[in-house]
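Open the model in your viewer and keep the selection panel handy. We will go from stop to stop, with a note on what to select at each one.

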Amino acid sequence: MEKTILVVEDEKAIADILIFNLQREGYQTLEANDGQEGLRLALEGEPDLILLDVMLPGIDGFEVCRQVRQASQVPILML
């Protein structure tokens, strides 16, 4: 069973590099470009890991992390 990693990153070039390398290693990926979309995908997409940027438009990474923690114990790596 493939693991899914959610990448929440507003800088397209960084997100593209992360996603390319994760997929090359066999991971499924989900992508969000802002905090609101990242929060939605974190709660609905049930990822196995979240790579979460701190500086995001709208809801920042710290707030996304706080809200995800209320509903899930998924591992989160802050970028």
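Which residue caps the N-terminal end of α3? Select Asp60 to find out: one of its side-chain oxygens lies 3.1 Å from the backbone nitrogen of Phe62, and this residue is the cap. Keep in mind along the way that this is a predicted model.

**Along α3**

Now select Gly61, Val64 and Val68, the buried residues of α3. They cover an arc of only 55° around the axis, so they sit on the same side of α3. The buried residues of α3 pack against α2, β3 and β4.

Stay with Val68 for a moment and show what surrounds this side chain. Leaving aside residues up to four places away in sequence, Val68 touches Leu39, Ala42, Leu43, Ile50, Val74 and Ile76.

**Over to α2**

Select residues 35-44 for α2. At the N-terminal end of α2, Asp34 is the cap, with a side-chain oxygen 3.1 Å from the backbone nitrogen of Gln36. Colour Gly35, Gly38, Leu39, Leu41 and Ala42 next; these residues of α2 are buried. The partners they pack against are β1, β2, β3 and α3. Seen against the strands, α2 lies across β1, β2 and β3 and runs at about 145° to β2. After α2 comes Glu46, which has a positive phi, near 50°.

**The sheet**

How many strands form the open sheet, and in what order? There are four, arranged β2-β1-β3-β4, with parallel pairing. Select β2 (28-32) and β4 (76-78): each stands at an edge with a single partner strand, so one side of each has no neighbour in the sheet. On average, neighbouring strands are turned by 20° against each other, direction ignored.

Zoom in on β1 and β3, which pair in the parallel sense over four bridges. Pick Leu6 and look for its bridge partner in β3, which is Ile50. Then bring back helix α1, residues 12-24: this helix packs on the sheet, touches β1, β2 and β3, and points at about 170° to the direction of β2.

Show side chains for the largest nonpolar core, which has 14 residues. Leu6, Val8, Ile50, Leu52, Val64, Val68 and Ile76 are those with the most contacts inside this core. Two or more residues each come from β1 (4-8), α2 (35-44), β3 (49-52) and α3 (61-71). Of the elements, α2 gives the most, with three residues.

In another colour, select Val7, Ile19, Leu49 and Leu51. These are among the six residues of a second, separate core.

**Last stop: Thr29**

Finish in strand β2, where you will find Thr29. Is Thr29 buried or exposed? Its relative accessible area is 18%, and buried means under 20%, so Thr29 counts as buried. Draw a distance from the side chain of Thr29 to that of Gln23, and you will see a polar contact of 2.8 Å.

Notes
Residues are numbered from 1 along each chain as its sequence is written. This is a predicted model: local features need pLDDT of at least 70, side-chain atom pairs count only at pLDDT 80 or more; totals for chains, interfaces and linings use all residues. Side-chain values use heavy atoms; hydrogens and water are left out. A nonpolar core is a set of buried Ala, Val, Leu, Ile, Met, Phe, Trp, Tyr and Cys residues joined through side-chain atoms within 4.5 Å. Buried means under 20% relative accessible area, exposed over 50%, partly exposed in between (1.4 Å probe, protein chains only). Contact means heavy atoms within 4.5 Å. Two strands pair if DSSP finds at least two bridges between them. Axes are lines fitted to C-alpha atoms, for helices over the stretch in contact, and angles run from 0 to 180 degrees between N-to-C directions. The arc is that of the directions from the helix axis to the C-beta atoms. A polar contact is a pair of N or O atoms within 3.5 Å; within protein, one must be able to donate a hydrogen and the other to accept it, and residues adjacent in sequence count only if both atoms are side-chain atoms.
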